[in-house]
Structures are given as C-alpha cells and as structure tokens.
Amino acid sequence: MKNTMMKTHFDLLIIHANIATMNSDFGFHLDNQSNQTTKTATPYGQLTNHAIGINDGKITWIGHHDDASSFTADRLIDAQGKWLTPALIDCHTHLVYAGNRSDEFESRLTGVSYEQIAKNGGGIISTVNATRQASFDELYAQSEKRLKALLAEGVKTIEIKSGYGLDLQNERKMLQVARKLGQDYGITVKTTYLAAHATPPEYKDDDGNAQNDAYIDKVCEWLPILHQEGLVDAVDAFCENIAFNKQQVKKVFEVAQSLGLPVKLHAEQLSDMSGGALVASFDGLSADHIEYLSDDSIQRMAQSGTVGVLLPTAFYVLKETQLPPIDKMRQQGVSMAISTDCNPGTSPSTSILLAMNMACTLFQLTPEEALAGTTLNAAKALGLQDSKGKIAIGYDADIALWDIERPADLSYLIGQNKCVDVI
C-alpha cells in the first residue's frame with residue numbers, strides 16, 4: 001500500500017528504479033503448496049520505474065517515478081533502471097574466528113569423515129585453540145576481512161556467533177569483536193552465544209571422554225554474565241551425537257528463557273535428534289541445517305513460526321547426500337531462510353550470493369524463494385521482521401542496488417557480484 005504522506009522533502013530520494021520489494025502490499029506472495037507464485041501475485045512484489053523517499057534512516061514514501069518529480073532531497077540517486085532490493089541478511093555465521101583448517105578439507109577429500117576429524121582433535125577444537133591464542137586485535141583483523149567480503153555483496157545485517165572460545169574469557173572476546181565490527185561498519189550485527197558448540201579439551205578425561213554435563217553447567221553460568229555485559233542477543237547450541245543432547249540443550253535454553261533471550265539451534269545436520277521440535281517448543285527463532293528434519297519437527301516449527309535456515313554451502317563442502325525436506329516445509333508453511341554459515345571448517349565462504357545459487361541448484365528453491373530467504377525470512381530468523389527484510393513504509397532503509405536485468409539474476413549469475421551500492 002503506497003504511502004499518502006504529503007511531505008515532499010527527503011534526506012534521500014532514489015528515482016527511476018525497478019524494485020523487488022518482497023512486500024505483500026505490492027503483491028509479493030509465495031504459494032507454499034504449488035511452489036509457484038499465485039496467478040494474482042506479483043513476483044518479488046516488484047515495481048517498475050518507481051522511487052523511494054527516505055528520512056531519518058527509514059523508508060517514508062514509495063511511489064511511481066513520475067510522482068517524485070516535484071520532490072526535493074538532500075541527496076538524489078538516479079538508479080537508471082537498475083534494481084533495488086532489501087539489503088541482504090546473513091542470518092547464520094561463525095564469522096569471528098582465528099586459524100585455518102584447509103588441512104581438514106584435504107582429509108575429507110581422502111574419505112575421512114567430519115565426525116572422525118572431530119574425534120581426532122580437529123574440527124571445532126582446532127579453531128578453539130587458534131581463537132584462544134589470538135589477541136582481540138588479531139581476531140578483529142582476521143574477521144574484518146571476512147565481513148568486508150559479505151558487505152560487498154549487499155549484506156547490511158549479519159548474525160555472528162561465539163562458540164570458538166568455550167570459556168568465559170574467550171567467549172567474551174569473540175562477542176566483543178562482533179559488537180565492534182557492527183559499530184565500526186555501521187551495520188546491524190546480532191550476536192549469538194554459542195558456548196554449547198563443542199566440549200573444550202579441559203572437560204575431557206584422560207581417555208578423551210567428554211564431561212558434557214559439567215561443561216553445560218559452566219555454559220549456563222557464563223550466559224547471565226555475558227548478557228549483563230550487553231553482549232548477547234540470542235542463544236544457540238549444537239544438538240548432535242558429536243555435540244550435546246536434548247536435555248543438555250534444554251538446560252541452556254531454560255536459562256536463556258529466564259533472561260528473556262530468544263533461542264535457535266544447530267539441528268538435524270548429521271542425524272535426527274528432534275532438535276527442530278525442541279527449539280520450536282521454546283518458540284525459537286530458527287532451526288538451522290535441518291537436513292535430517294523429521295515430519296514431527298516440521299509440524300512443530302510451523303506451529304511456532306520457527307524458521308528453517310538452509311545452509312547449502314556446508315551441505316556442499318561436506319558432500320552431504322541427505323537433502324533438507326524442502327517440499328514438506330513448503331507444504332506446512334515453514335519459512336525458509338538461507339545463510340552462508342561462514343566458518344573455517346564446513347563452510348569457508350563469504351558469499352551470500354553463492355549460497356543463494358546453491359539453494360536453487362542443490363535444494364531446488366526458486367530464485368524468488370532464495371531472495372526471500374536472504375531478506376524477508378532471514379529477518380524473521382533474527383527476530384527483525386518488523387524492521388528489516390522488505391521495502392516497506394516505516395522499515396529501515398537498508399537497500400541494495402544491483403546492475404541486473406531481473407531479480408532472478410542474483411541466484412543465476414555464479415561468481416558475479418552485481419551489487420553497485422548499498423544504502
């Protein structure tokens with residue numbers, strides 16, 4: 001629905017633009033049942049030859065280009081027929097870390113499994129050791145390069161997890177780096193506490209057996225401390241046979257709930273642990289990975305509004321063969337987001353556009369679903385659906401400008417970054 005406000009001066013006016021609004025007010029609608037837009041829907045909620053007025057960082061007017069001819073603005077951008085979309089949102093990353101794990105990449109290519117690498121002291125723990133040894137400045141410098149790569153592809157909002165510290169001091173360091181990156185680059189960074197990521201070496205006995213219950217007690221002890229310091233926006237855990245069981249995760253979630261913090265979960269990546277149902281029982285923001293998601297978990301996620309976050313780059317790197325149940329999630333109306341899962345072990349990628357392409361080619365999403373997955377649904381996966389993820393009156397003016405012929409190009413053009421500006 002177009003705004004009828006009479007204000008004719010803007011901080012910023014963007015004219016002569018084609019716009020993929022991802023906004024139902026302009027006809028955007030995905031029919032989950034048929035995997036096609038309905039006959040009455042407008043793909044991408046698109047508007048041709050339109051204009052956008054922005055004041056105080058918010059979208060305050062959307063209308064036809066011709067209607068903007070009498071308006072004035074402190075700054076004017078002529079899009080010259082290029083496409084505007086909501087700025088992209090990367091809703092699941094482990095962007096802050098130190099070290100390198102290309103040796104594990106080589107090992108996996110010779111047939112060594114991800115689980116075996118983890119049992120041999122590699123995997124997450126190798127990154128933990130490097131991250132603990134890095135100073136704040138070293139950790140910031142390494143992470144900043146990855147952030148810049150994401151920003152170049154139109155990302156303006158990003159989630160960054162801890163989980164490579166696994167003690168109070170280093171979990172704090174990671175979250176502080178994430179906060180500073182957001183402040184320094186003027187973007188929205190949502191921080192997620194993921195101390196329940198793996199068992200640290202000091203919580204394993206001489207035979208290598210994990211003392212997970214004792215460690216989870218510490219995870220629960222540190223959470224209120226870091227929350228009090230203003231470093232935690234949400235809480236995550238890794239529910240898997242090689243990580244933590246449902247009861248241990250539930251204990252962490254109960255502490256998060258007592259603090260008023262939303263939860264999300266690494267769920268069903270390697271096996272069905274009923275993690276999707278667990279996080280849905282806490283009205284969680286998202287269940288992520290979800291290759292082995294069960295019908296019961298899908299139904300519970302649909303009921304709670306929990307987003308299913310697809311991480312196709314990790315699927316690709318691990319050479320997984322179990323596809324996420326895309327059609328069943330469509331049928332039940334589970335919102336699907338897409339993210340890079342930027343991390344050193346299973347998804348060393350800083351390309352949200354590649355993740356969109358892989359979601360289409362590997363998981364059979366449509367390009368429209370892929371764009372929704374990195375805008376509208378990604379915002380929902382971070383609890384930001386009331387301010388980000390679509391071009392709408394009153395929403396944050398986080399907008400990307402693309403030199404493309406049609407919105408599907410964002411998923412179609414492999415290795416081609418057509419982002420020319422981010423507002």
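Is Thr157 buried or exposed? Thr157 is buried, with a relative accessible area of 2%; buried means under 20% relative accessible area, exposed over 50%, and partly exposed in between, with a 1.4 Å probe and protein chains only.

Before continuing, note that this is a predicted model, in which local features need pLDDT of at least 70 and side-chain atom pairs count only at pLDDT 80 or more, while totals for chains, interfaces and linings use all residues. Residues are numbered from 1 along each chain as its sequence is written, and side-chain values use heavy atoms, with hydrogens and water left out.

**Stop 1: Thr157**

Select strand β7 (residues 155-161), where Thr157 is placed. Helices (H or I, at least four residues) and strands (E, at least two) are DSSP runs, numbered from the N terminus. Next, display the contacts of Thr157, a contact being heavy atoms within 4.5 Å. Leaving aside neighbours within four places in sequence, they include Leu88, Ile89, Asp90, Thr188 and Asp398.

**Stop 2: the nonpolar cores**

A nonpolar core is a set of buried Ala, Val, Leu, Ile, Met, Phe, Trp, Tyr and Cys residues joined through side-chain atoms within 4.5 Å. The largest has 98 residues, and those with the most contacts inside it are Leu95, Val96, Ile158, Tyr193, Val235 and Met329. A second, separate core of 18 residues includes Leu12, Ile14, Leu47 and Ile423.

Return to Val96, which touches Leu139, Arg146 and Met174, among others, when residues up to four places away in sequence are not counted. Arg146 also lies over the face of Tyr97, at 3.6 Å from the ring centre; the criterion is NZ of Lys or CZ of Arg within 6 Å of the ring centre and within 35 degrees of the ring normal.

**Stop 3: the aromatic cluster**

Select Tyr203, Tyr215, Trp222 and Phe244, which form one aromatic cluster. Rings of Phe, Tyr and Trp (its six-membered ring) pair if their centres lie within 6.5 Å; planes under 30 degrees apart count as stacked, over 60 as edge-to-face and the rest as tilted. By this rule the model holds nine aromatic pairs. The ring centres of Tyr215 and Trp222 are 5.9 Å apart and their planes stand at 70 degrees, so this pair is edge-to-face. Tyr215 and Phe244 are stacked, at 6.2 Å centre to centre with 25 degrees between the planes. That pair links distant parts of the chain, with Tyr215 in helix α6 (residues 212-228) and Phe244 in the loop between β9 (234-239) and α7 (246-258), 29 residues apart. Tyr215 is buried at 0% relative accessibility, as is Phe244 at 1%.

**Stop 4: Glu240**

Glu240 is found in the loop between β9 and α7. Glu240 counts as buried at 2% relative accessibility. Beyond its neighbours within four places in sequence, Glu240 is in contact with Glu268, Gln269, Leu270, Ser271 and Met273.

**Stop 5: helix α3**

Which residues of helix α3 (residues 124-133) are buried? They are Ile124, Ile125, Thr127, Val128 and Thr131. Seen down the axis of α3, these buried residues fall within an arc of 155 degrees, so they line one face of the helix; the arc is that of the directions from the helix axis to the C-beta atoms. They pack against α2 (114-119), α4 (136-151), α5 (168-185) and β9.
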